[in-house]
Amino acid sequence: AGLMGSGIATVLADKGVTVRLKDLSLDAISKSIGYAKKVYRKGRRRYGQSGMTERLGRLSGGVDYSGFGQADVVIEAVLEKMDLKHQMIADIEKHTRREAIFATNTSALPITEIAAKAAHPERVIGMHFFSPVEKMPLVEVIVTDKTDPVVTKTISQLSRKMGKHVIVVRDCPGFYTTRVLAPYMIEAVYMMMEGYRIEDIDRAATEVGFPVGPITLMDEVGIDVGQKVLATMRKHYSDHMDFPPDHIQAFIGEGRLGKKTEKGFYLYEKGGRSKMDKGRKLVDESVYQHLPNGTQTRNADFEEMGERLVLSLVNEAVRCLEEGILLSAEAGDLGAVFGIGFPPFQGGPMRYVDRLGSRNITARLRDLELRFGKRFKPTAKLVEMGAHDLSFYGE
Ligand SMILES: NC(=O)c1ccc[n+]([C@@H]2O[C@H](COP(=O)([O-])OP(=O)(O)OC[C@H]3O[C@@H](n4cnc5c(N)ncnc54)[C@H](O)[C@@H]3O)[C@@H](O)[C@H]2O)c1
């Protein structure tokens with residue numbers, strides 16, 4: 001019942017589902033119900049006080065598994081640690097009916113590995129929400145080779161009942177959305193290390209059409225969460241992704257976890273509101289002390305910076321299609337636009353390739369590869385498409 005668990009429970013109860021929460025303390029449960037209250041208060045004009053009471057009445061919680069025996073679906077949103085996820089499966093299998101579905105909201109851990117210790121791996125599935133759950137319109141449903149198709153159907157239906165768009169993808173570390181976001185975030189870190197200013201990196205992304213820039217996103221999601229995700233990506237994708245030296249540990253050591261600790265790349269007031277000056281968020285200048293010695297501040301080249309951010313993401317999206325993680329180009333476009341805020345007017349990464357031309361995109365990536373290294377090497381599918389000037393949608 002942390003950040004994600006609270007959001008998931010709030011939306012489920014809003015849509016008529018009875019929810020039982022579990023956490024380690026009653027304090028966590030009451031915070032979670034407080035979260036729901038805050039969201040429902042905003043909807044009171046639509047459904048009145050009685051609607052709010054009705055919704056809150058569907059939520060209850062505790063520190064043990066009482067009530068779980070009747071559950072059809074259990075959605076876990078504990079910390080991003082494999083041994084904890086394994087413990088969850090063991091506990092849930094002990095306390096639920098044999099038919100109950102175990103859905104995990106992990107950001108990047110492979111579902112197959114989570115399911116490896118399950119007595120019933122066919123009932124294990126990924127149900128990846130985005131933060132804040134009540135606002136973000138996508139659920140990424142992740143299936144393993146063992147997931148029962150009936151389970152996939154039930155979880156897709158439940159996600160739609162929650163008012164979300166759904167993409168079903170095959171399991172891999174980071175799935176689709178986290179995986180394509182990784183090179184984009186990594187590129188932002190490289191830019192910081194090259195001396196670009198934090199606000200300029202974010203502006204390069206918003207000028208291309210992203211709703212927020214990558215550094216703001218790191219503060220929002222949590223720098224510690226980002227670190228765990230990057231560790232998973234490093235373990236599995238070092239063949240084609242580059243990773244800057246891990247300075248994040250120093251951030252975590254000084255309690256700089258982002259907005260939630262009111263200490264991140266930007267400055268925050270008590271309560272987590274950004275400190276502003278003339279309509280702009282203020283950067284916490286003390287962050288720059290973590291840059292390598294001798295880093296010189298550079299003037300922004302927004303066009304090039306924007307291109308680096310977008311193309312790193314696009315290349316990985318095409319790789320996901322090539323590997324069969326994505327079942328279609330449409331799913332890749334939908335997932336990027338609704339899950340990670342890919343500029344909607346561009347239609348998604350595949351449509352972006354179509355609009356600029358696969359030949360052109362491949363040439364741009366080759367140019368960036370020469371300057372920045374293997375992380376920009378165009379993926380085989382793009383090279384093949386570029387050679388024949390092919391498009392994804394054939395328009
Ligand atoms: N933060 C995001 O934007 C985001 C987005 C998508 C997915 N996720 C994933 O969701 C999961 C949770 O992330 P979060 O940001 O909500 O973290 P969080 O720290 O806010 O919440 C985790 C909660 O799990 C509880 N917990 C720990 N051990 C437990 C146990 N044994 N039984 C019951 N509860 C236990 C903690 O007390 C805490 O309330 C992670 O796997 C994360 O990777 C996070």
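How much area do domain 1 and domain 2 bury between them, and what percentage of it lies on carbon and sulfur atoms? I will come to that after a word on the model, which is a predicted one in which local features need pLDDT of at least 70 and side-chain atom pairs count only at pLDDT 80 or more, while totals for chains, interfaces and linings use all residues. Residues are numbered from 1 along each chain as its sequence is written, and side-chain values use heavy atoms, with hydrogens and water left out.

The protein is divided into domain 1 (1-64), domain 2 (75-171), domain 3 (177-183 + 193-290) and domain 4 (302-387), with bounds that come from an automatic or database domain assignment. To answer the opening question, domain 1 and domain 2 bury about 1100 Å² between them, and 76% of this is on carbon and sulfur atoms; buried area here is the accessible area (1.4 Å probe) that two parts lose on being put together, summed over both. Of the area that domain 1 buries against domain 2, Met-4, Ile-8 and Val-11 supply 46%, more than any other three residues.

In terms of contact, meaning heavy atoms within 4.5 Å, 11 residues of domain 1 meet 13 residues of domain 2. Between these two domains there are 0 salt bridges, a salt bridge being a side-chain nitrogen of Lys or Arg within 4 Å of a carboxyl oxygen of Asp or Glu. On the side of domain 1 that touches domain 2, helix 1 (3-14) and helix 2 each supply at least two residues, and the largest share, 7 residues, comes from helix 1. Helices (H or I, at least four residues) and strands (E, at least two) are DSSP runs, numbered from the N terminus.

Ser-131 and Pro-132 are joined by a cis peptide bond, with omega about -5°, and Pro-132 lies in the loop between strand 5 (124-128) and strand 6 (138-143). Phe-175, in the loop between strand 7 (165-170) and helix 6 (177-194), has a positive phi, near 50°.
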